Amino acid sequence: MSLASEELRYVYAVCRPLDAPLAADLTGVGGVPPRQLAHEGLIAVVGPVPERDFAEEPLRRHLEDLDWLSDTARAHQRVIAALTSVTCPLPLRLATVFRDDSGVRAMLEEGADRFRRVLDRIDGCVEWGVKVHLESEESARERPAEGAPSKPLSGRDYLRQRRSRQTAQDESWQRAEAFAQALHEKLSRRADDSRLHAPQNSSLSKAPGRNILNAAYLVPRAHSEEFVELVDHTKDEERDSSGLRVELTGPWAAYSFTADDETGADDAGRSR
(Lines give C-alpha, C1' and ligand atoms only; values in the text may rest on other atoms or scores of the structure.)
Protein backbone atom coordinates (compact mmCIF):
# COMPACT_ATOMS: atom_id res chain seq x y z
CA MET A 1 0.00 0.00 0.00
CA SER A 2 1.40 3.41 -0.91
CA LEU A 3 2.08 6.08 1.71
CA ALA A 4 -0.63 8.33 0.22
CA SER A 5 -3.29 5.64 0.71
CA GLU A 6 -2.36 5.47 4.42
CA GLU A 7 -3.01 9.16 4.99
CA LEU A 8 -6.37 10.65 5.94
CA ARG A 9 -7.41 14.29 5.77
CA TYR A 10 -7.68 16.21 9.05
CA VAL A 11 -9.88 19.30 8.65
CA TYR A 12 -9.30 22.25 10.99
CA ALA A 13 -11.75 24.82 9.73
CA VAL A 14 -13.79 26.23 6.87
CA CYS A 15 -13.32 29.83 5.76
CA ARG A 16 -13.39 32.23 2.85
CA PRO A 17 -10.28 32.59 0.64
CA LEU A 18 -7.51 34.14 2.73
CA ASP A 19 -6.44 37.72 2.13
CA ALA A 20 -3.01 37.05 3.64
CA PRO A 21 -0.84 33.92 3.76
CA LEU A 22 -0.39 31.85 6.89
CA ALA A 23 3.03 31.85 8.55
CA ALA A 24 5.48 29.69 6.64
CA ASP A 25 6.56 27.86 9.80
CA LEU A 26 3.01 27.04 10.97
CA THR A 27 2.50 23.36 11.76
CA GLY A 28 -0.58 21.44 12.82
CA VAL A 29 -1.35 17.92 13.99
CA GLY A 30 1.67 15.65 13.63
CA GLY A 31 3.93 18.66 13.02
CA VAL A 32 2.74 18.93 9.40
CA PRO A 33 1.94 22.33 7.84
CA PRO A 34 -1.73 22.78 6.92
CA ARG A 35 -2.80 23.47 3.35
CA GLN A 36 -5.86 24.98 1.72
CA LEU A 37 -8.37 22.98 -0.29
CA ALA A 38 -10.68 25.23 -2.34
CA HIS A 39 -14.18 24.38 -3.51
CA GLU A 40 -16.69 26.84 -4.98
CA GLY A 41 -15.59 29.88 -3.00
CA LEU A 42 -14.99 28.02 0.27
CA ILE A 43 -11.70 26.90 1.75
CA ALA A 44 -11.13 23.85 3.93
CA VAL A 45 -7.88 24.04 5.88
CA VAL A 46 -6.56 20.49 5.99
CA GLY A 47 -3.52 18.39 6.82
CA PRO A 48 -2.51 14.75 6.30
CA VAL A 49 -2.69 12.42 9.30
CA PRO A 50 -1.83 8.70 9.49
CA GLU A 51 -4.65 6.21 9.25
CA ARG A 52 -3.04 4.13 12.00
CA ASP A 53 -3.85 6.95 14.46
CA PHE A 54 -6.99 8.54 13.01
CA ALA A 55 -9.05 5.69 11.65
CA GLU A 56 -12.17 5.05 13.74
CA GLU A 57 -10.85 2.37 16.13
CA PRO A 58 -7.39 3.83 16.91
CA LEU A 59 -8.89 7.30 17.21
CA ARG A 60 -11.37 6.05 19.80
CA ARG A 61 -8.48 4.65 21.85
CA HIS A 62 -6.41 7.82 21.45
CA LEU A 63 -9.24 10.02 22.69
CA GLU A 64 -8.95 8.25 26.04
CA ASP A 65 -5.22 9.07 26.22
CA LEU A 66 -5.04 12.50 27.90
CA ASP A 67 -1.48 13.20 26.79
CA TRP A 68 -2.28 12.39 23.15
CA LEU A 69 -5.50 14.37 23.33
CA SER A 70 -3.76 17.39 24.84
CA ASP A 71 -1.03 17.39 22.17
CA THR A 72 -3.60 17.08 19.38
CA ALA A 73 -5.79 19.82 20.84
CA ARG A 74 -2.82 22.20 21.10
CA ALA A 75 -1.84 21.56 17.48
CA HIS A 76 -5.45 22.03 16.38
CA GLN A 77 -5.75 25.30 18.30
CA ARG A 78 -2.43 26.53 16.91
CA VAL A 79 -3.83 26.37 13.39
CA ILE A 80 -7.16 27.95 14.39
CA ALA A 81 -5.33 30.80 16.14
CA ALA A 82 -3.20 31.41 13.04
CA LEU A 83 -6.32 31.48 10.87
CA THR A 84 -8.04 33.88 13.26
CA SER A 85 -5.20 36.36 12.79
CA VAL A 86 -5.91 36.63 9.04
CA THR A 87 -9.62 35.75 8.65
CA CYS A 88 -12.77 34.69 10.54
CA PRO A 89 -12.71 30.88 10.37
CA LEU A 90 -15.48 28.45 11.20
CA PRO A 91 -13.61 25.88 13.36
CA LEU A 92 -14.60 22.24 13.05
CA ARG A 93 -14.57 19.78 15.91
CA LEU A 94 -11.33 18.28 17.13
CA ALA A 95 -10.34 15.22 15.08
CA THR A 96 -12.66 15.84 12.13
CA VAL A 97 -11.22 13.41 9.58
CA PHE A 98 -12.09 12.38 6.02
CA ARG A 99 -10.78 9.60 3.81
CA ASP A 100 -9.35 11.88 1.12
CA ASP A 101 -9.70 15.24 -0.64
CA SER A 102 -12.89 14.04 -2.33
CA GLY A 103 -14.50 13.50 1.06
CA VAL A 104 -13.55 17.02 2.12
CA ARG A 105 -14.98 18.49 -1.09
CA ALA A 106 -18.20 16.53 -0.53
CA MET A 107 -18.43 18.01 2.97
CA LEU A 108 -17.99 21.53 1.56
CA GLU A 109 -20.59 20.84 -1.13
CA GLU A 110 -23.19 19.41 1.25
CA GLY A 111 -22.71 22.09 3.88
CA ALA A 112 -22.15 25.05 1.55
CA ASP A 113 -25.35 26.92 2.36
CA ARG A 114 -25.00 26.76 6.13
CA PHE A 115 -21.24 27.38 5.99
CA ARG A 116 -21.90 30.58 4.05
CA ARG A 117 -24.64 31.67 6.47
CA VAL A 118 -22.36 31.22 9.46
CA LEU A 119 -19.36 32.83 7.76
CA ASP A 120 -21.50 35.83 6.83
CA ARG A 121 -22.64 36.15 10.46
CA ILE A 122 -19.16 36.00 12.01
CA ASP A 123 -17.41 38.01 9.29
CA GLY A 124 -15.13 40.66 10.77
CA CYS A 125 -15.71 39.46 14.33
CA VAL A 126 -13.89 37.63 17.10
CA GLU A 127 -15.14 35.96 20.26
CA TRP A 128 -14.42 37.28 23.75
CA GLY A 129 -15.18 35.22 26.85
CA VAL A 130 -16.22 36.77 30.16
CA LYS A 131 -16.60 34.91 33.45
CA VAL A 132 -17.67 36.19 36.85
CA HIS A 133 -16.60 34.27 39.96
CA LEU A 134 -17.77 34.78 43.52
CA GLU A 135 -14.79 34.18 45.77
CA SER A 136 -15.48 32.02 48.80
CA GLU A 137 -15.26 33.82 52.14
CA GLU A 138 -16.49 30.94 54.25
CA SER A 139 -13.06 29.87 55.45
CA ALA A 140 -12.23 33.43 56.49
CA ARG A 141 -15.49 33.72 58.44
CA GLU A 142 -14.84 30.44 60.22
CA ARG A 143 -11.33 31.37 61.38
CA PRO A 144 -11.21 32.89 64.88
CA ALA A 145 -9.83 36.39 65.17
CA GLU A 146 -6.07 36.49 65.65
CA GLY A 147 -5.18 36.36 69.32
CA ALA A 148 -8.75 35.60 70.35
CA PRO A 149 -9.10 32.73 72.82
CA SER A 150 -10.80 29.64 71.48
CA LYS A 151 -13.81 28.50 73.47
CA PRO A 152 -16.61 26.04 72.77
CA LEU A 153 -19.94 27.36 71.53
CA SER A 154 -23.24 26.55 73.13
CA GLY A 155 -25.84 24.85 70.97
CA ARG A 156 -27.82 28.09 70.72
CA ASP A 157 -24.74 30.13 69.73
CA TYR A 158 -23.74 27.51 67.18
CA LEU A 159 -27.17 27.63 65.49
CA ARG A 160 -27.17 31.43 65.58
CA GLN A 161 -23.73 31.47 63.93
CA ARG A 162 -24.86 29.05 61.23
CA ARG A 163 -27.96 31.13 60.47
CA SER A 164 -25.84 34.26 60.29
CA ARG A 165 -23.42 32.62 57.86
CA GLN A 166 -26.24 31.32 55.69
CA THR A 167 -27.89 34.75 55.58
CA ALA A 168 -24.60 36.36 54.57
CA GLN A 169 -24.05 33.73 51.87
CA ASP A 170 -27.56 34.23 50.48
CA GLU A 171 -27.15 38.01 50.35
CA SER A 172 -23.73 37.71 48.72
CA TRP A 173 -25.09 35.31 46.11
CA GLN A 174 -28.04 37.59 45.31
CA ARG A 175 -25.72 40.60 44.87
CA ALA A 176 -23.41 38.54 42.67
CA GLU A 177 -26.26 37.31 40.46
CA ALA A 178 -27.59 40.85 40.06
CA PHE A 179 -24.10 42.10 39.14
CA ALA A 180 -23.57 39.29 36.62
CA GLN A 181 -26.93 39.91 34.95
CA ALA A 182 -26.29 43.65 34.69
CA LEU A 183 -22.79 43.06 33.29
CA HIS A 184 -24.09 40.58 30.70
CA GLU A 185 -26.74 43.05 29.54
CA LYS A 186 -24.16 45.84 29.30
CA LEU A 187 -21.68 43.73 27.32
CA SER A 188 -24.40 42.31 25.06
CA ARG A 189 -25.23 45.85 23.94
CA ARG A 190 -21.60 46.21 22.78
CA ALA A 191 -21.59 42.91 20.87
CA ASP A 192 -23.20 41.63 17.67
CA ASP A 193 -24.34 38.49 19.49
CA SER A 194 -23.86 36.70 22.81
CA ARG A 195 -24.14 33.21 24.28
CA LEU A 196 -24.67 32.12 27.89
CA HIS A 197 -22.89 28.88 28.71
CA ALA A 198 -23.47 26.68 31.75
CA PRO A 199 -21.41 27.79 34.77
CA GLN A 200 -18.14 25.94 35.14
CA ASN A 201 -17.65 23.41 37.91
CA SER A 202 -14.85 24.85 40.03
CA SER A 203 -13.62 21.38 41.01
CA LEU A 204 -13.00 20.67 37.32
CA SER A 205 -11.83 24.10 36.15
CA LYS A 206 -9.63 24.61 39.27
CA ALA A 207 -10.67 28.27 39.24
CA PRO A 208 -11.14 29.70 42.74
CA GLY A 209 -14.63 30.69 43.77
CA ARG A 210 -18.03 29.89 42.32
CA ASN A 211 -18.68 30.63 38.65
CA ILE A 212 -21.77 32.79 38.23
CA LEU A 213 -21.45 34.08 34.66
CA ASN A 214 -19.87 32.14 31.79
CA ALA A 215 -20.61 34.04 28.59
CA ALA A 216 -19.24 34.56 25.10
CA TYR A 217 -19.60 37.70 23.00
CA LEU A 218 -19.24 38.13 19.24
CA VAL A 219 -17.52 41.47 18.83
CA PRO A 220 -16.40 43.25 15.64
CA ARG A 221 -12.62 43.50 15.52
CA ALA A 222 -12.94 47.25 15.07
CA HIS A 223 -14.76 47.53 18.42
CA SER A 224 -12.71 45.01 20.38
CA GLU A 225 -10.54 47.61 22.11
CA GLU A 226 -13.63 49.40 23.45
CA PHE A 227 -15.09 46.08 24.61
CA VAL A 228 -11.90 45.13 26.45
CA GLU A 229 -11.70 48.56 28.10
CA LEU A 230 -15.29 48.18 29.32
CA VAL A 231 -14.53 44.80 30.90
CA ASP A 232 -11.26 46.07 32.42
CA HIS A 233 -13.09 49.03 33.93
CA THR A 234 -15.59 46.64 35.51
CA LYS A 235 -12.76 44.44 36.83
CA ASP A 236 -11.12 47.45 38.50
CA GLU A 237 -14.42 48.48 40.10
CA GLU A 238 -15.14 45.05 41.60
CA ARG A 239 -11.66 43.93 42.62
CA ASP A 240 -11.31 43.42 46.39
CA SER A 241 -14.62 45.13 47.12
CA SER A 242 -17.28 42.46 46.96
CA GLY A 243 -15.62 39.08 46.55
CA LEU A 244 -16.32 39.17 42.81
CA ARG A 245 -13.72 38.42 40.17
CA VAL A 246 -14.22 39.20 36.48
CA GLU A 247 -12.16 37.21 33.97
CA LEU A 248 -11.71 38.13 30.29
CA THR A 249 -10.33 35.71 27.68
CA GLY A 250 -9.75 36.07 23.96
CA PRO A 251 -9.81 37.05 21.25
CA TRP A 252 -10.79 33.65 19.91
CA ALA A 253 -12.24 32.27 16.75
CA ALA A 254 -16.03 32.44 17.04
CA TYR A 255 -16.43 28.95 18.53
CA SER A 256 -19.67 29.79 20.33
CA PHE A 257 -21.34 31.23 17.24
CA THR A 258 -20.73 28.61 14.56
CA ALA A 259 -23.93 26.60 15.06
CA ASP A 260 -26.42 27.21 12.28
CA ASP A 261 -29.96 28.12 13.34
CA GLU A 262 -31.36 25.18 11.39
CA THR A 263 -29.06 22.17 11.72
CA GLY A 264 -25.80 23.29 13.31
CA ALA A 265 -22.73 23.89 11.22
CA ASP A 266 -20.79 21.50 13.43
CA ASP A 267 -22.77 18.62 11.94
CA ALA A 268 -20.53 18.87 8.89
CA GLY A 269 -17.60 17.74 10.97
CA ARG A 270 -18.37 14.01 10.91
CA SER A 271 -15.67 11.63 9.83
CA ARG A 272 -16.44 9.70 6.68
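Residues are numbered from 1 along each chain as its sequence is written, and side-chain values use heavy atoms, with hydrogens and water left out. Because the model is predicted, local features need pLDDT of at least 70 and side-chain atom pairs count only at pLDDT 80 or more, whereas totals for chains, interfaces and linings use all residues.

The secondary structure of the chain comprises nine helices and nine strands. Helices (H or I, at least four residues) and strands (E, at least two) are DSSP runs, numbered from the N terminus. Of the 272 residues in the chain, 40% are buried; buried means under 20% relative accessible area, exposed over 50%, and partly exposed in between (1.4 Å probe, protein chains only). The chain exposes about 15,600 Å², of which carbon and sulfur atoms supply 49%. Accessible areas come from the Shrake-Rupley method with a 1.4 Å probe, and for residues only the protein chains shown count as cover. Among the contacts in the chain with a separation of 6 or more, 81% are between residues 24 or more positions apart, contact meaning heavy atoms within 4.5 Å.

Four strands form an open sheet in the order S7-S8-S6-S9, and their pairing is antiparallel. The edges are taken by strand S7 (193-196) and strand S9 (244-252); each has a single partner strand, so one side of each lacks a neighbour in the sheet. From one strand to the next the twist averages 20°. Axes are lines fitted to C-alpha atoms, for helices over the stretch in contact, and angles run from 0 to 180 degrees between N-to-C directions. Two strands pair if DSSP finds at least two bridges between them.

Strand S6 (residues 125-134) is joined to S9 by seven bridges in the antiparallel sense. S6 also runs antiparallel to strand S8 (residues 210-220), with ten bridges between them. Lys131 stands opposite Asn214 in S8 and opposite Glu247 in S9. Val130 has Leu248 of S9 as its bridge partner. S6 is mostly covered, with ten of its ten residues buried. Cys125, Glu127, Gly129, Lys131 and His133 point one way from the strand, while Val126, Trp128, Val130, Val132 and Leu134 point the other way.

Eight of the nine residues of S1 are buried, so the strand is largely enclosed by the rest of the structure. S1 pairs in the antiparallel sense with strand S3 (residues 42-50) over eight bridges, and Leu8 stands opposite Val49 in S3. Two bridges connect S1 with strand S5 (residues 97-98), again in the antiparallel sense; here Arg9 has Phe98 as its bridge partner. Strand S4 (residues 90-91) is likewise antiparallel to S1 over two bridges, with Val14 opposite Leu90.

Two packed helices are described by the angle between their axes and the distance between the axes. Helix H4 (residues 101-110) packs against helix H5 (residues 112-122) at an angle of about 70°, with their axes 4 Å apart. H4 and H5 are therefore roughly perpendicular to each other. Angles under 35 degrees count as roughly parallel, over 145 as roughly antiparallel, 65 to 115 as roughly perpendicular and the rest as oblique. Met107, Leu108, Glu109 and Glu110 of H4 make the contact with Ala112, Arg114 and Phe115 of H5. These residues divide into four nonpolar, no polar and three charged. Ala, Val, Leu, Ile, Met, Phe, Trp, Tyr, Cys and Pro count as nonpolar, Asp, Glu, Lys and Arg as charged, and the others, Gly among them, as polar.

Phe115, in H5, is buried, with a relative accessible area of 0%. Its C-alpha atom is separated by 7.6 Å from that of Val14, 101 residues apart along the chain.

Most residues other than glycine have a negative phi, and most peptide bonds are trans. Glu40, which is not a glycine, has a positive phi of about 50°. Glu40 is found in the loop between strand S2 (35-39) and S3 and counts as exposed at 52% relative accessibility. Ala95, also not a glycine, has a positive phi of about 65°. Ala95 lies in the loop between S4 and S5 and is buried, with a relative accessible area of 9%. A cis peptide bond, with omega about 0°, joins Gly250 and Pro251; Pro251 is in strand S9.
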